[in-house]
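Biologist: Before I rely on any of the labels, could we go through them one by one and set each value against its definition?

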Amino acid sequence: MASNDREVSVYRLQGGLSLAEYLLEPDDQVRSSDQELEQDGVSCLIRYGHLETHEPQWVSHARDLTGLSLSLPRMSPFAVLLIDEGKWVYALTWGDGYLMLDRETRADPGFGLAFAIRRLDEFHIGAMTLHSLDSSARTAQISYPGGADVGKYGVARFGEIVGRLRGSADLSDLTYGKSRKTKKDRIISGLDSLRVPVARQFDGMRSDLDAISRVVDSPTPDNSLRSVTAVRPIKSGHPMLPKLQTALVRSLKSKASKSVAQGTPLELAESSDELMSVKVLRLAGSGPMLIKVDELLEEIKGRIGRLDEHDVYDSLRTGSIQAYSDSTGTEKVRGTTSALKWLYFEKTIGNHRYILRSGSWYQIGENYVDQIRDEVSRLLENKYDVEFPLWNGSGQDSDENSYNKLAAERLGAVCLDAKFAKTTQNPKIELCDIYTSSHELVHVKWLGSASSLSHLIAQAEASISALTYEPAAMEWLTSQLNQSSKGRIIPKGVPSTVVLACGGRKWKARDLFAMSQINLLRFANALPPNVDLKFADIPYGPKPKAK
């Protein structure tokens with residue numbers, strides 16, 4: 001006996017348009033038909049057909065071996081059914097039907113994920129996709145055939161986006177659950193769409209869609225899955241994007257705004273300490289110009305200041321910048337990047353904080369931002385009780401190295417700034433700026449921008465990881481200390497204290513951008529349990545601009 005339900009992918013789209021407007025124009029590979037119909041007084045539209053794509057590459061090999069003229073084009077059948085329910089339009093897709101939908105601008109983002117976190121058994125998650133927000137840009141797809149709790153997936157509490165979730169869900173209020181006397185749960189998966197069984201009959205299917213929406217619109221449960229939606233990427237069709245883009249442009253044009261800062265593109269993050277200069281190849285109609293890295297934000301502001309407000313965002317997106325590891329613009333670091341990727345921006349609208357980072361937008365719940373700030377404040381209370389000398393900046397490239405030498409001498413420590421270890425995993429890694437007689441790794445940075453803190457955290461993270469897991473790093477450190485301290489300072493295994501010392505500002509949570517706070521917490525939580533993280537405020541004078 002056939003079941004009275006069938007698994008399908010469900011999308012929810014904002015209502016108010018004709019049903020045809022939710023579909024993309026078919027290209028020359030699509031053979032399809034559109035048909036409008038009315039079911040139980042509800043307007044519907046179905047597109048069905050098949051995709052004709054190029055034949056697989058292996059076909060030529062089969063021809064060569066057999067001498068036969070084989071014709072094996074790929075043909076993929078599909079269908080997508082649109083149901084107009086007023087406030088929402090629902091799309092049910094089969095096969096490649098989802099490719100017909102204008103998902104970027106019309107789909108309700110995170111619809112399937114919202115259902116999943118409210119109905120999945122938090123202790124039996126079957127699979128999860130994780131995207132890291134740090135410089136590694138790591139993506140991981142993890143599964144446990146028998147299901148596992150969230151903790152086993154290694155989800156970081158901060159700085160990680162959870163993508164698609166799959167697992168066993170309670171479907172007792174759907175046709176699937178109502179038609180079964182015992183087992184009411186079923187494996188589902190969700191992100192923007194929801195993969196779930198719905199009724200074969202039209203009225204039962206509508207009832208299922210209504211039940212699904214009630215679940216999605218209900219309060220977020222107070223369980224381990226709650227944090228899954230704390231940070232969400234914003235896609236190109238998000239209704240908030242025009243407002244955010246305008247806010248960014250106005251902040252760039254405002255001399256008083258402090259909500260925009262210079263960042264580092266994610267693809268350059270691993271080389272951030274090597275960057276010395278950038279060449280603005282194309283931006284706002286002006287020609288190439290080579291400048292120091294820390295002068296880029298002011299250069300961008302100056303160039304876009306001449307543009308009409310409506311033209312600025314596209315100019316930033318298409319603007320081209322090349323980074324160099326020297327001051328003369330000869331040693332390129334990777335390829336060119338968009339000018340937009342060099343900007344970091346935050347804006348609070350309603351109950352959400354919106355962030356631009358490396359050219360991508362993210363939404364963070366304001367309660368989550370408050371929680372982050374409270375945890376960072378507690379973290380920063382662990383002060384490094386050592387007095388540093390005054391940092392009077394010169395504005396020159398050698399400024400930081402000169403200060404590190406001075407500080408190391410005053411502290412009776414060894415300066416390892418600009419000295420690089422080489423390991424199997426890291427051909428060039430700076431283990432610390434200063435190594436003390438108490439066996440502490442001190443990382444020093446003048447925090448003049450959001451990217452400066454990112455560099456500081458990245459250096460400390462790479463250092464402690466190398467010293468913990470790569471024997472070559474410890475061997476190099478021992479060798480350097482033997483040479484520099486004449487045997488007075490010999491490391492005793494992995495240092496148990498990491499110190500983040502900053503000049504240019506004091507360590508205050510409220511003065512840090514939200515993403516900087518997230519990265520700081522992620523780093524602190526990832527440290528080995530026997531490593532203590534401390535913070536030092538370096539006394540400083542004003543840092544003049546380089547001439």
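Biologist: Which residues of helix 11 and helix 13 meet?

Modeller: From helix 11, Ala450, Leu453, Ser454, Ile457, Ala460, Glu461 and Ile464 meet Ser516, Asn519, Leu520, Arg522 and Phe523 of helix 13, where contact means heavy atoms within 4.5 Å. This is a predicted model, in which local features need pLDDT of at least 70, side-chain atom pairs count only at pLDDT 80 or more, and totals for chains, interfaces and linings use all residues. Residues are numbered from 1 along each chain as its sequence is written, and side-chain values use heavy atoms, with hydrogens and water left out.

Biologist: Why are helix 11 and helix 13 called roughly parallel?

Modeller: They pack at an angle of about 10 degrees, with their axes 10 Å apart; angles under 35 degrees count as roughly parallel, and helix 11 and helix 13 are therefore described in that way.

Biologist: What makes Gln459 buried?

Modeller: Gln459, which is found in helix 11, has a relative accessible area of 6%, and buried means under 20%, exposed over 50% and partly exposed in between, with a 1.4 Å probe and protein chains only; Gln459 is therefore buried.

Biologist: What makes the pair Asp537 and Lys383 a salt bridge?

Modeller: The closest N and O atoms of Asp537 and Lys383 are 3.1 Å apart, and the rule asks for a side-chain nitrogen of Lys or Arg within 4 Å of a carboxyl oxygen of Asp or Glu, a condition that this pair meets. The pair links distant parts of the chain, 154 residues apart, with Asp537 in strand 24 and Lys383 in the loop between helix 9 and helix 10.

Terms used:
Axes fitted to C-alpha atoms, helices over the stretch in contact; angles between N-to-C directions. Helix = DSSP H or I, 4+ residues; strand = E, 2+ residues; numbered from the N terminus. Parallel < 35°, antiparallel > 145°, perpendicular 65-115°, else oblique.
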